Amino acid sequence: MPFEQSNQLLTERLLLKRPCRQDANRILAYRLANRDHLRSWEPARDDFFYTLQATENQLGTMQKQMEEETAEYWIVESRANAEMVGECSFTNIVRGSFQACHLGFSIAREFEGMGLMHEALQMAISDIFVNHGLHRIMANFQPSNSRSEKLLKRLGFQHEGLALEYLKINGKWMDHILTSKINPAG
(Lines give C-alpha, C1' and ligand atoms only; values in the text may rest on other atoms or scores of the structure.)
Protein backbone atom coordinates (compact mmCIF):
# COMPACT_ATOMS: atom_id res chain seq x y z
CA MET A 1 0.00 0.00 0.00
CA PRO A 2 1.55 3.34 -1.03
CA PHE A 3 1.96 5.79 1.80
CA GLU A 4 0.72 9.36 1.83
CA GLN A 5 3.49 11.81 0.97
CA SER A 6 3.42 15.43 1.99
CA ASN A 7 5.91 17.87 0.50
CA GLN A 8 6.09 19.87 3.71
CA LEU A 9 5.41 19.70 7.43
CA LEU A 10 4.95 22.72 9.69
CA THR A 11 5.80 23.18 13.34
CA GLU A 12 5.65 26.33 15.44
CA ARG A 13 9.13 27.51 14.37
CA LEU A 14 10.05 25.22 11.48
CA LEU A 15 9.21 24.13 7.99
CA LEU A 16 10.26 20.63 6.98
CA LYS A 17 10.32 20.24 3.22
CA ARG A 18 11.21 17.39 0.94
CA PRO A 19 14.44 18.26 -0.88
CA CYS A 20 14.52 18.69 -4.64
CA ARG A 21 17.21 19.53 -7.18
CA GLN A 22 16.54 23.25 -6.73
CA ASP A 23 17.82 22.89 -3.15
CA ALA A 24 21.29 21.77 -4.23
CA ASN A 25 23.02 25.11 -3.57
CA ARG A 26 21.54 25.56 -0.10
CA ILE A 27 22.29 21.95 0.89
CA LEU A 28 25.86 22.37 -0.32
CA ALA A 29 26.18 25.62 1.65
CA TYR A 30 24.89 23.81 4.77
CA ARG A 31 27.41 21.00 4.27
CA LEU A 32 30.31 23.39 3.77
CA ALA A 33 29.38 25.53 6.77
CA ASN A 34 29.07 22.45 9.01
CA ARG A 35 31.88 20.31 7.61
CA ASP A 36 34.05 20.47 10.73
CA HIS A 37 31.09 20.44 13.11
CA LEU A 38 29.68 17.16 11.73
CA ARG A 39 32.98 15.39 10.95
CA SER A 40 33.01 13.36 14.21
CA TRP A 41 29.57 11.89 13.51
CA GLU A 42 29.71 11.13 9.77
CA PRO A 43 31.58 8.82 7.40
CA ALA A 44 34.84 10.18 5.98
CA ARG A 45 33.96 12.55 3.14
CA ASP A 46 36.26 13.27 0.20
CA ASP A 47 36.47 16.71 -1.36
CA PHE A 48 34.06 15.71 -4.15
CA PHE A 49 31.28 15.29 -1.58
CA TYR A 50 31.48 19.04 -1.01
CA THR A 51 30.75 19.97 -4.64
CA LEU A 52 27.56 21.01 -6.38
CA GLN A 53 27.78 18.01 -8.72
CA ALA A 54 27.93 15.54 -5.81
CA THR A 55 25.03 17.27 -4.09
CA GLU A 56 22.93 17.19 -7.27
CA ASN A 57 23.79 13.50 -7.75
CA GLN A 58 22.74 12.72 -4.19
CA LEU A 59 19.48 14.64 -4.62
CA GLY A 60 18.71 12.48 -7.66
CA THR A 61 19.30 9.34 -5.59
CA MET A 62 17.18 10.71 -2.75
CA GLN A 63 14.32 11.51 -5.14
CA LYS A 64 14.42 7.96 -6.53
CA GLN A 65 14.39 6.45 -3.03
CA MET A 66 11.40 8.60 -2.04
CA GLU A 67 9.54 7.55 -5.21
CA GLU A 68 10.35 3.90 -4.43
CA GLU A 69 9.14 4.46 -0.84
CA THR A 70 12.44 3.23 0.64
CA ALA A 71 13.37 6.56 2.26
CA GLU A 72 12.00 9.91 3.37
CA TYR A 73 14.18 13.04 3.52
CA TRP A 74 13.51 16.45 5.03
CA ILE A 75 15.29 19.79 4.93
CA VAL A 76 14.64 21.62 8.20
CA GLU A 77 14.38 25.38 7.86
CA SER A 78 13.37 28.32 9.99
CA ARG A 79 9.88 29.63 9.28
CA ALA A 80 11.10 33.09 10.27
CA ASN A 81 13.71 33.46 7.53
CA ALA A 82 13.81 30.19 5.50
CA GLU A 83 17.39 29.50 6.67
CA MET A 84 18.36 25.83 6.56
CA VAL A 85 19.03 24.77 10.15
CA GLY A 86 19.33 21.01 9.67
CA GLU A 87 18.13 17.88 7.96
CA CYS A 88 16.66 14.52 8.85
CA SER A 89 16.05 11.27 7.06
CA PHE A 90 14.24 7.98 7.45
CA THR A 91 16.15 5.46 5.37
CA ASN A 92 16.25 1.73 4.77
CA ILE A 93 12.45 1.57 4.94
CA VAL A 94 11.49 -2.09 5.03
CA ARG A 95 7.88 -3.19 4.62
CA GLY A 96 6.40 -6.66 5.08
CA SER A 97 6.47 -8.01 8.60
CA PHE A 98 9.21 -5.57 9.72
CA GLN A 99 7.67 -2.13 8.92
CA ALA A 100 10.75 -0.23 10.10
CA CYS A 101 13.40 2.33 9.15
CA HIS A 102 16.53 4.12 10.38
CA LEU A 103 16.52 7.75 11.50
CA GLY A 104 19.40 10.11 10.75
CA PHE A 105 19.66 13.82 11.52
CA SER A 106 22.01 16.77 11.78
CA ILE A 107 21.72 20.36 12.91
CA ALA A 108 23.96 23.35 12.23
CA ARG A 109 26.29 24.20 15.10
CA GLU A 110 24.73 27.65 15.57
CA PHE A 111 21.28 26.14 16.18
CA GLU A 112 22.23 23.51 18.76
CA GLY A 113 20.57 23.74 22.16
CA MET A 114 17.44 25.56 21.00
CA GLY A 115 15.14 22.54 20.82
CA LEU A 116 14.78 22.88 17.05
CA MET A 117 15.77 19.31 16.18
CA HIS A 118 13.42 17.98 18.86
CA GLU A 119 10.62 20.05 17.34
CA ALA A 120 11.46 18.87 13.82
CA LEU A 121 11.77 15.21 14.74
CA GLN A 122 8.54 15.17 16.74
CA MET A 123 6.73 16.21 13.56
CA ALA A 124 8.71 13.96 11.21
CA ILE A 125 8.32 10.91 13.47
CA SER A 126 4.57 11.52 13.70
CA ASP A 127 4.46 11.66 9.89
CA ILE A 128 6.35 8.35 9.60
CA PHE A 129 4.03 6.62 12.06
CA VAL A 130 0.70 8.14 10.97
CA ASN A 131 1.07 8.70 7.23
CA HIS A 132 3.58 5.96 6.38
CA GLY A 133 2.31 3.36 8.82
CA LEU A 134 5.69 2.20 10.05
CA HIS A 135 5.90 0.29 13.33
CA ARG A 136 9.52 0.91 14.39
CA ILE A 137 12.12 3.65 13.96
CA MET A 138 15.72 2.80 14.82
CA ALA A 139 18.32 5.42 15.67
CA ASN A 140 21.93 4.78 16.64
CA PHE A 141 24.53 7.09 18.14
CA GLN A 142 28.11 6.99 19.34
CA PRO A 143 28.45 6.67 23.13
CA SER A 144 30.33 10.00 23.20
CA ASN A 145 27.47 11.86 21.47
CA SER A 146 25.57 13.02 24.56
CA ARG A 147 23.48 15.53 22.60
CA SER A 148 22.00 12.82 20.37
CA GLU A 149 21.53 10.54 23.37
CA LYS A 150 19.54 13.20 25.26
CA LEU A 151 17.49 14.11 22.18
CA LEU A 152 16.55 10.52 21.39
CA LYS A 153 15.66 9.80 25.00
CA ARG A 154 13.48 12.93 25.10
CA LEU A 155 11.75 11.72 21.91
CA GLY A 156 10.95 8.39 23.58
CA PHE A 157 13.58 6.16 22.00
CA GLN A 158 14.48 3.14 24.13
CA HIS A 159 18.02 1.81 24.61
CA GLU A 160 18.38 -1.64 23.03
CA GLY A 161 22.08 -2.38 23.22
CA LEU A 162 25.62 -1.65 22.13
CA ALA A 163 26.95 -2.57 18.69
CA LEU A 164 30.74 -2.80 18.67
CA GLU A 165 32.52 -1.25 15.67
CA TYR A 166 29.09 -0.65 14.11
CA LEU A 167 29.83 2.11 11.58
CA LYS A 168 32.95 3.52 9.99
CA ILE A 169 32.85 7.17 11.04
CA ASN A 170 35.45 9.66 9.89
CA GLY A 171 37.68 6.74 8.84
CA LYS A 172 37.46 4.71 12.07
CA TRP A 173 35.13 1.88 13.17
CA MET A 174 33.02 3.23 16.01
CA ASP A 175 30.77 1.59 18.59
CA HIS A 176 27.14 2.74 18.61
CA ILE A 177 24.28 2.64 21.09
CA LEU A 178 21.21 1.11 19.41
CA THR A 179 17.80 2.64 20.19
CA SER A 180 14.31 2.40 18.77
CA LYS A 181 10.88 3.96 19.06
CA ILE A 182 7.76 1.88 18.51
CA ASN A 183 4.63 3.33 16.95
CA PRO A 184 2.26 3.91 19.90
CA ALA A 185 -0.72 3.10 17.65
CA GLY A 186 0.66 -0.42 17.18
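In helix 3, the buried residues are Ala-54, Thr-55, Leu-59, Gly-60, Met-62 and Met-66. The model on screen is a predicted one.

**Helix 3 and its surroundings**

Select residues 52-67, which make up helix 3. Next, check the length of helix 3. Its 16 residues, at 1.5 Å a residue, should span 22 Å, and the C-alpha atoms at its ends lie 23 Å apart, so the two values agree. After helix 3 comes Glu-69, with a positive phi near 60°.

**The aromatic pair**

Now select Phe-49 and Tyr-50. The structure contains one aromatic pair, and these two residues form it. Their rings sit edge-to-face, with 5.0 Å from centre to centre and 80° between the planes. Phe-49 and Tyr-50 are both buried.

**The second largest pocket**

Move on to residues 146-154 (helix 5), 158-169 (strand 7) and 172-182 (strand 8); each of these elements supplies at least two residues of the lining of the second largest pocket. Helix 5 gives the largest share, three residues. To show the lining, select Phe-141, Glu-149, Leu-152, Lys-153, Phe-157, Gln-158, His-159, Ile-177 and Thr-179. Colour the lining by class and four residues come up nonpolar, three polar and two charged. The space in this second largest pocket is about 150 Å³.

Terms used
Residues numbered from 1 in each chain as written. Predicted model: local features only at pLDDT ≥ 70, side-chain atom pairs only at ≥ 80, totals over all residues. Heavy atoms only, no water. Helix = DSSP H or I, 4+ residues; strand = E, 2+ residues; numbered from the N terminus. Expected span 1.5 Å × (residues − 1). Buried < 20%, exposed > 50% of the residue type's maximum accessible area, 1.4 Å probe, protein only. 1 Å grid on protein atoms, 1.4 Å probe; cavity = no way out; pocket = protein on both sides within 12 Å on 5 of 7 lines; lining within 4 Å. Points joined across faces, edges and corners; volume = space filled by probe spheres on them. Nonpolar A, V, L, I, M, F, W, Y, C, P; charged D, E, K, R; others polar. Phe/Tyr/Trp six-rings, centres within 6.5 Å; stacked < 30°, edge-to-face > 60°.
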